[in-house]
Amino acid sequence: MTFSKSDFWRAFIAGELIAFLALPIFKNLGLFGLFTGYGDFIFYSLIGLWLFFLPWAAGSGLYAVYFLSIPKRPIFYRVGKYGIVGLLNSFLTLGILNFLIIVSGINRGLIFDFFVVISFWGGVTNAFFWNKFWIFDSKKTEEIKKEYISFFAVTGATTLINVFLMHILVNVVGAPFSLDLKVWVNISSLFLIPISFFGNFFGYKIFVF
């Protein structure tokens with residue numbers, strides 16, 4: 001297992017996508033309002049720096065993981081790649097979810113649960129191709145439908161757990177300390193990331209690829 005230019009640029013692209021997908025999340029959380037008062041130049045300069053810095057950080061960070069883990073612990077390098085893709089999928093899922101909240105104004109109830117399912121569907125399809133062709137380096141395409149079904153089953157199992165827990169946190173427990181519900185939705189999603197991260201990684205490795 002070696003670090004190639006292809007690995008760097010894939011990490012770079014993933015980082016750039018994360019940077020873009022974070023923007024609707026920042027908007028929904030009202031973070032843009034913290035900087036708009038300083039003028040358009042400062043505001044757009046900060047966005048530009050964010051979009052410039054994150055992809056380079058992703059590529060360089062992956063190389064650092066490779067340098068520290070190879071040759072004694074090569075599994076950590078694969079976990080490093082999975083971590084970048086995991087962040088991308090998390091931001092893609094959250095980006096879709098926050099976009100639907102912004103468009104509809106709905107952030108709880110059964111329709112919100114439906115939004116969670118839609119955001120999951122977008123994330124799992126994206127995750128399948130990144131995991132198959134980059135993380136687990138599976139080049140075979142003749143069994144891609146079977147792999148996708150297995151991939152979907154593993155991801156679906158962890159996602160059902162996450163949807164249930166998200167429903168409990170948002171619709172039953174509710175936002176604590178008078179916290180804005182939109183903020184609580186995103187905090188709740190962050191709490192559930194470790195379940196998806198470890199459950200999916202070992203599930204993909206054992207049952208899919």
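Mentor: With a relative accessible area of 15%, Phe12 is buried, where buried means under 20% relative accessible area, exposed over 50% and partly exposed in between, for a 1.4 Å probe and protein chains only. The model is predicted, so local features need pLDDT of at least 70 and side-chain atom pairs count only at pLDDT 80 or more, while totals for chains, interfaces and linings use all residues. Residues are numbered from 1 along each chain as its sequence is written, and side-chain values use heavy atoms, with hydrogens and water left out.

Trp9, in contrast, counts as partly exposed, because its relative accessibility is 44%. Both residues lie in helix H1, 3 residues apart, or about one turn of the helix; helices are DSSP runs of H or I with at least four residues, numbered from the N terminus. Rings of Phe, Tyr and Trp (its six-membered ring) pair if their centres lie within 6.5 Å, and planes under 30 degrees apart count as stacked, over 60 as edge-to-face and the rest as tilted. By this rule there are 22 aromatic pairs. Among them, Trp9 and Phe12 are edge-to-face, at 5.1 Å centre to centre with 65° between the planes.

Elsewhere, Tyr82, Phe128, Phe129, Phe133, Phe151 and Tyr204 form one aromatic cluster. As for Trp134, if neighbours within four places in sequence are left aside, its contacts (heavy atoms within 4.5 Å) include Asp7, Arg10 and Ala11, together with Phe129 of that cluster.

How values were computed:
Helix = DSSP H or I, 4+ residues; strand = E, 2+ residues; numbered from the N terminus.
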